[in-house]
Amino acid sequence: MDLKSKAQKVKTDLPAIFLSLKDHETPFIAKFFAAVTVVYALSPIDLIPDFIPLLGYLDDLVLLPVFAAITIHFIPKTIWEKNLALAADLWKGGKPKKWFYAVPIILFWVIIVWLVSSR
């Protein structure tokens, strides 16, 4: 499997991981790893900042697929297949209209700005 197909696989797996995180049938350990994976994927804070040439994207190319693989390992196969099928239809009508999924990220940055400015 080449790098382009691996990147495409992670791109299709992330929505399914997010749906598995919300699924009530998903075991706790899988939800924990799903939360770590989704937060890392959405977080603007990286282990190595993206502006560093070559190394900046290396953590995204290595860590994100590793987090996704670990998460998928802990999700039962039936739950994973169900959420993977649901994720395939998630983007059919364009971007999802549920903007409120951005609220935790916005809240995170508001808290960071407030903490920095309050000193």
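1. Glutamate 81 and lysine 77 are both residues of helix α4, where they sit four residues apart, or about one turn of the helix. Their side chains form a salt bridge in which the closest N and O atoms are 4.0 Å apart. Glutamate 81 is partly exposed, its relative accessible area being 44%, whereas lysine 77, with a relative accessible area of 63%, is exposed. Please keep in mind throughout that this is a predicted model.

2. In total, the structure holds four salt bridges, and some of them share partners, joining Asp23, Glu25 and Lys82 into one network. Aspartate 23 counts as buried at 10% relative accessibility, while lysine 82 counts as partly exposed at 35%.

3. A further salt bridge joins the side chains of aspartate 13 and lysine 9, at 2.8 Å from N to O. Both residues belong to helix α1 (residues 3–22), in which they are four residues apart, about one turn of the helix. Aspartate 13 is buried, with a relative accessible area of 6%, because the limit for that class is under 20%; lysine 9, at 40%, is partly exposed.

4. Turning to the aromatic side chains, the count comes to three aromatic pairs. In one of them, phenylalanine 32 and phenylalanine 33 have ring centres 5.4 Å apart and planes at 75°, so the pair is edge-to-face, given that planes over 60 degrees apart fall into that class. Phenylalanine 32 is partly exposed, with a relative accessible area of 43%, and phenylalanine 33 is also partly exposed, with a value of 23%.

5. Tyrosine 40 and phenylalanine 67 make up another edge-to-face aromatic pair, with 5.4 Å from centre to centre and 80° between the planes. Tyrosine 40 lies in helix α2 and phenylalanine 67 in helix α3 (residues 55–74), so the pair ties together parts that are 27 residues apart in sequence. Tyrosine 40 counts as buried at 13% relative accessibility, whereas phenylalanine 67, at 24%, counts as partly exposed.

6. Which residues form one aromatic cluster? The cluster consists of Phe32, Phe33 and Phe74, and it includes the edge-to-face pair of phenylalanine 32 and phenylalanine 33.

How values were computed
Residues are numbered from 1 along each chain as its sequence is written. This is a predicted model: local features need pLDDT of at least 70, side-chain atom pairs count only at pLDDT 80 or more; totals for chains, interfaces and linings use all residues. Side-chain values use heavy atoms; hydrogens and water are left out. Helices (H or I, at least four residues) and strands (E, at least two) are DSSP runs, numbered from the N terminus. Buried means under 20% relative accessible area, exposed over 50%, partly exposed in between (1.4 Å probe, protein chains only). Rings of Phe, Tyr and Trp (its six-membered ring) pair if their centres lie within 6.5 Å; planes under 30 degrees apart count as stacked, over 60 as edge-to-face and the rest as tilted.
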